[in-house]
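Thank you for sending this model; my notes are set out below as numbered points, to be read beside the coordinates.

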Number of protein chains: 2
Amino acid sequence: MQFELEKAIPVLERTPLVIESLLYGLDDEWIYSNEGGDSWTPFEIVAHLVHGEKTDWIPRTQIILGEGSKEFTPFDMEGHIKEGRGKTLPQLLDEFKVLRKENLAQLKAVEISPDLLNNTGIHPVLGEVTLRHLLAAWVVHDMTHIHQISRVMAKQYDEAVGPWKQFMGVLGGRR
Amino acid sequence: MQFELEKAIPVLERTPLVIESLLYGLDDEWIYSNEGGDSWTPFEIVAHLVHGEKTDWIPRTQIILGEGSKEFTPFDMEGHIKEGRGKTLPQLLDEFKVLRKENLAQLKAVEISPDLLNNTGIHPVLGEVTLRHLLAAWVVHDMTHIHQISRVMAKQYDEAVGPWKQFMGVLGGRR
């Protein structure tokens with residue numbers, strides 16, 4: 001599928017509602033359980049998404065489209081810790097919804113021609129990337145975390161499903 | 001996490017809205033693209049979920065709780081084909097929402113004690129399974145397909161994300 005802004009934006013618009021629908025009002029056991037070790041809980045994943053709205057996608061779009069240095073500020077993979085501190089999940093979900101709306105309004109306010117999608121910035125690890133790469137990655141990043149939340153939740157029932165585990169793709173099964 | 005009906009039902013209740021939020025109103029390219037070969041499109045996944053509401057989870061609960069034979073009818077993994085024929089995605093999403101609501105109403109109408117969760121049925125492949133296994137599998141099955149839809153959608157941008165692919169868990173990357 002070719003990247004087209006008018007097909008990408010509707011996906012980005014839906015993500016806050018998808019994640020709210022998945023998590024809002026569930027028992028804390030669903031929200032604060034992880035996949036073991038230092039893996040993330042659904043709560044931490046939402047905090048990470050909030051942090052991305054503040055420091056990643058639109059700030060980097062502005063760097064690409066702006067007049068100054070093309071170098072992106074490194075993204076803080078621990079940023080969710082400070083982001084979530086002292087907050088409830090409903091607070092984070094609301095914050096994500098508001099920030100995403102504002103960020104997409106900013107994106108839509110710029111006339112982004114297909115040509116402009118070829119403009120570049122410098123990622124601290126990946127090197128030169130285009131605006132097209134960045135905006136496509138924003139969409140896939142949303143999908144990565146929906147994917148992750150559904151897996152984290154499924155794993156809580158890893159034992160409860162008994163022999164069904166072998167049929168459940170999300171638990172490593174064959175379907 | 002132990003299986004408890006009152007923590008499982010809220011997840012089952014949310015799934016139709018999660019999937020509607022993910023897909024409703026998106027361009028056909030998102031809805032009718034798959035992962036290659038005979039893998040499923042988001043449209044086919046929703047048709048499969050509808051088919052499961054009709055023939056899988058609650059019918060099998062009734063077999064376990066009923067007086068007759070304990071043997072489950074085999075589930076038709078091709079059932080989504082007939083289920084989706086001639087329908088639009090919004091029709092399938094609505095059907096899923098209504099059926100899920102009816103099925104959960106039926107489940108709540110039965111007084112399911114923890115003891116009753118140990119009652120068993122005979123799965124055509126897995127053999128003896130408990131009602132607890134079946135209901136936990138219903139939840140994980142929802143998660144499997146949310147997981148799958150997010151992956152199918154992400155893969156459409158496999159190339160568009162350029163070098164970001166290595167950071168995207170859903171595309172096999174390391175984050």
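Predicted model: local features only at pLDDT ≥ 70, side-chain atom pairs only at ≥ 80, totals over all residues.

1. Residues are numbered from 1 along each chain as its sequence is written, chains are lettered from A and ligands numbered from 1 in the order in which they are written, and side-chain values use heavy atoms, with hydrogens and water left out.

2. An unreviewed UniProt entry lists residues 12-149 of chain A as "domain: DinB-like"; such positions are given in the numbering used here, with feature names shortened, and annotations may be inferred rather than shown by experiment. The span is 62% helix and 6% strand, and its end C-alpha atoms lie 17 Å apart. Helices (H or I, at least four residues) and strands (E, at least two) are DSSP runs numbered from the N terminus.

3. Helix 1 of chain A (residues 5-23) has 19 residues that should span 27 Å at 1.5 Å a residue, and this agrees with the 28 Å between its end C-alpha atoms; the expected span is 1.5 Å times one less than the number of residues. Just after the helix, A:Gly25 takes a positive phi of about 85°.

4. A:Leu107, in helix 6 (residues 89-109) of chain A, is buried because its relative accessible area is 2%. Leaving aside neighbours within four places in sequence, its contacts (heavy atoms within 4.5 Å) include A:Leu5, A:Ile9 and A:Trp138. A:Leu107 and A:Ile9 are 98 residues apart in sequence, yet 9.2 Å apart in space, C-alpha to C-alpha.

5. A:Arg60, in helix 4 (residues 57-65) of chain A, counts as buried because its relative accessibility is 3%. Beyond neighbours within four places in sequence, the residues in contact with A:Arg60 include A:Phe72, A:His123 and, from chain B, B:Trp164.

6. In chain B, strand 1 (residues 120-123) and strand 2 (residues 127-130) run antiparallel and are joined by 4 bridges, pairing being assigned if DSSP finds at least two bridges. A hairpin joins these strands through 3 residues, and B:Ile122 has B:Glu128 as its bridge partner.

Terms used. Buried < 20%, exposed > 50% of the residue type's maximum accessible area, 1.4 Å probe, protein only.
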